[in-house]
Amino acid sequence: MKKKILLASLLAASMSLPAQVYLDPNANIEDRVEDAITRMTTHEKIQMLHAQSKFTSAGVPRLGIRQLNMADGPHGVREELEWNTWNVAKWTNDYIVAFPSLTCLASTWNTDLSSAYGHAVSEEFAFRGKDIMLGPGVNIQRTPMNGRAFEYMGEDPFLAGTIAVPYIKASQANGVACCLKHFVLNDQEIDRFAVNVNVSERALREIYLEPFRRAVDEAHVYTIMGSYNMWKGTHCCHHDELLNGILKKEWNWDGAVISDWGGTTNTLEAATGGLDIEMGTYTDGKTRESNFGYDQYYLGNPFEKLITEGKLPMSVLDEKVRRVLRTIFRTAMNPQKVIGSQCSEAHYEVCRQVGEEGIVLLKNRNNILPIDASKYNRILVVGENATRSLTKGGGSSELKSLRDISPLEALQEVYGEKVDTARGYYSGRAVYDHVDMLDPEKQAAYKKEALDKAKSADLIIYIGGMNKNTRQDCENGDRESYDLSYGQNELITELSKIQPNIVVVTFGGNPYNMPWIDKIAALTHCWYLGSEAGTALVNVLSGKVSPSGKLPVTFARNYDDYPYVKFGAEAYPGVNKQVYYKEDIFVGYRHFTSNKVQPLFPFGFGLSYTTFNYSKPSATLSDDVIAVEVEITNSGKTAGKEVVEIYAAAPKSKVVRPVRELKGFAKTRLLQSGETELIRINIPKKELAYFDEDSHSWSITPGTYTLHVGASADDIRGKATIKINE
Ligand code: GLC
């Protein structure tokens, strides 16, 4: 037998059969793509363009070309679902690390941490055999009502894009593709499957496309997910101008566009409108199933029919197949793809660090924080989020974490017998119960218990906020109020009357109303912290770590202060499924600073346990790069990190521009008391451009630019000017 095999291989070699370049791990990817495509039948090409299960798309088994395994979500690997349904598969080996939400990551303003996050989370995806992670998300927080804001990176496109880039680079270096989402204008959940977004070209370019452009340009993101909504009356999952015109042609992007689950709506648009992999068709992206077979997808048999009947050229098919093959060779068949790991201590360390650096200290009256335990005999912990696991819920980004350290556990670990607890309110069953389904008597009983216990406490730590229940930061629906739910505002107010030493800790993806802000002693906002929530929070409350997070969104004092509100329902959530971004480019701090509307807490704001001095900044221009330098000194008594923010103010231009826009930032290392660090931030001149709608291109106004160096959008510590010539 052996002699026969040897003879056959010698014969093959002598006949110089074409080498299987596509299988050669050392061959150039483009050569592998071109070799593979010549070997595929038309039907095999078609099958590669759509789902073969809930979260996989087909390879070519006959040729040994691997399928693509995909999984949600940006904060960790979603638990395994059944092959063909939204039901969980009930595996026992898919418990993972739940990393902090991406709004928390953005709040760290730490690009090194973002890289560490992308490296760690992609190791967990690789270990679970996934080739594409469905994230990160960089949609813009234009409204604090967006149910999915917790998955995104705030209101500013520069911050969102700059934090996304290291995460994507690190993940793809591990051979796990990111799938940047949701491209584009998916900035609300109300009517998400059908709303048509009306936005100026300038706002589209400068605000909504910008984080995606930066990720394509600087991180070479491998895949992008089309969004459900429409722009110019066409669904973004197959939109010729958006996907073929801007993404693939203008941005010269060679990756694959993947539809959102159920976002594909017809064959001809899917075939000619830039879609490459159709997923989840005939389902609703969360629960609703379909009876259709995968071959009946729009890019399945109907597309194949158009090709075989010559109604569409084979080149249309091959263009898609090349992009999918490229993705397969960059991931599933990439010899550099790592094995990865799951629930390693290194991953928990990253989870903790991102949490610690993402927590934002918003108020600290009389330095009540960090907590000096020797001052207190009875510390009452109130609030359901002290014990509730916030890694569940929220929709497709939900996670089955191996361990969740709750705030209460961590507080008891540090403060022991001093800690007493009271639930304070209840929110019903995780994920399912809407606030209207709750029992008011039960609610009142929890509140009474907390108020009674408060009388014997000398410190209250209130832990509440949102919780990823439906309409409480959850996909497929927006928040219904700017207020906290479950009677929390009344509870916090009454607790503060009993005990003014009250520290409030909130979780959630969005700003919210704080009628009690002047009555409490301290406030930290934590976004969602993942598996190490308790440890990260208590490390900050106890002073083991000095808080260094800064807001990636503006916290308005009143809901009506948000720029779109004055334009009525048309501006949000839309009327008859038409929404008009009437605030244009004046999203977030761009509005609040330019129109002198005082927010409760501005974009970029966050306190530390120490203070920092800024030297007079300098700015020099060479080779089209502006170098801004400033010395940061820790002028307080404890160690801490400072985020330095650079806002550019343009000279008078032909268009109205915000008074200043974020164009650079950097985070110091941990500075000990009295220590100084020289911070140098390079700003390429092109970052100063605005998008000119007359020429449909970016334009830099010549003149003198002022670079404001600040600790937040409203706290400018110094400025430097630079002259930009023609
Ligand atoms: C959902 C979400 C998307 C997710 C996908 C798969 O509807 O919009 O973010 O990745 O479907 O679960």
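Five cavities of 30 Å³ or more turn up when the whole structure is searched. Keep in mind that this is a predicted model.

The largest cavity first. Its volume is about 90 Å³. Fifteen residues line it. Nearest the centre of the largest cavity are D72, D260, W261, G285 and S396. By class, that lining splits into six nonpolar, three polar and six charged residues.

So much for the space itself. Where does the ligand sit? In the largest cavity.

Now the ligand's surroundings. How many residues surround the ligand? The count is 15. D72, R148, H182, Y228 and D260 are the closest of them. The shell around the ligand divides into five nonpolar, three polar and seven charged residues.

Y228 places a polar side-chain atom 2.6 Å from a ligand oxygen. For D260, a polar side-chain atom lies 2.7 Å from an oxygen of the ligand. For K181, the distance between a polar side-chain atom and a ligand oxygen is 2.9 Å. How much of the ligand does the protein bury? On its own, the ligand exposes 310 Å², and the protein buries 100% of that.

Let me move on to the largest pocket. The space in it comes to about 610 Å³. Its lining has 26 residues, and R78, G395, E398, V431 and Y432 are the closest to its centre. Which classes make up that lining? Eight residues are nonpolar, nine are polar and nine are charged.

One more point on the largest pocket: the domains. Domain 2 (40–330) and domain 3 (359–553) each supply at least three residues to its lining.

To recap for anyone setting up a calculation. The ligand is in the largest cavity, which has a volume of about 90 Å³. Y228, D260 and K181 each bring a polar side-chain atom to a ligand oxygen. The largest pocket holds about 610 Å³, and its lining draws on both domain 2 and domain 3.

Note on methods: Residues numbered from 1 in each chain as written. Predicted model: local features only at pLDDT ≥ 70, side-chain atom pairs only at ≥ 80, totals over all residues. Heavy atoms only, no water. Near = heavy atom within 4 Å. Polar contact = N/O pair within 3.5 Å; in protein donor to acceptor, adjacent residues only side chain to side chain. Areas by Shrake-Rupley, 256 points an atom, 1.4 Å probe, with all protein chains shown as cover. 1 Å grid on protein atoms, 1.4 Å probe; cavity = no way out; pocket = protein on both sides within 12 Å on 5 of 7 lines; lining within 4 Å. Sits in = over half its atoms within 2 Å of the grid points. Nonpolar A, V, L, I, M, F, W, Y, C, P; charged D, E, K, R; others polar. Points joined across faces, edges and corners; volume = space filled by probe spheres on them. Domains from an automatic or database assignment.
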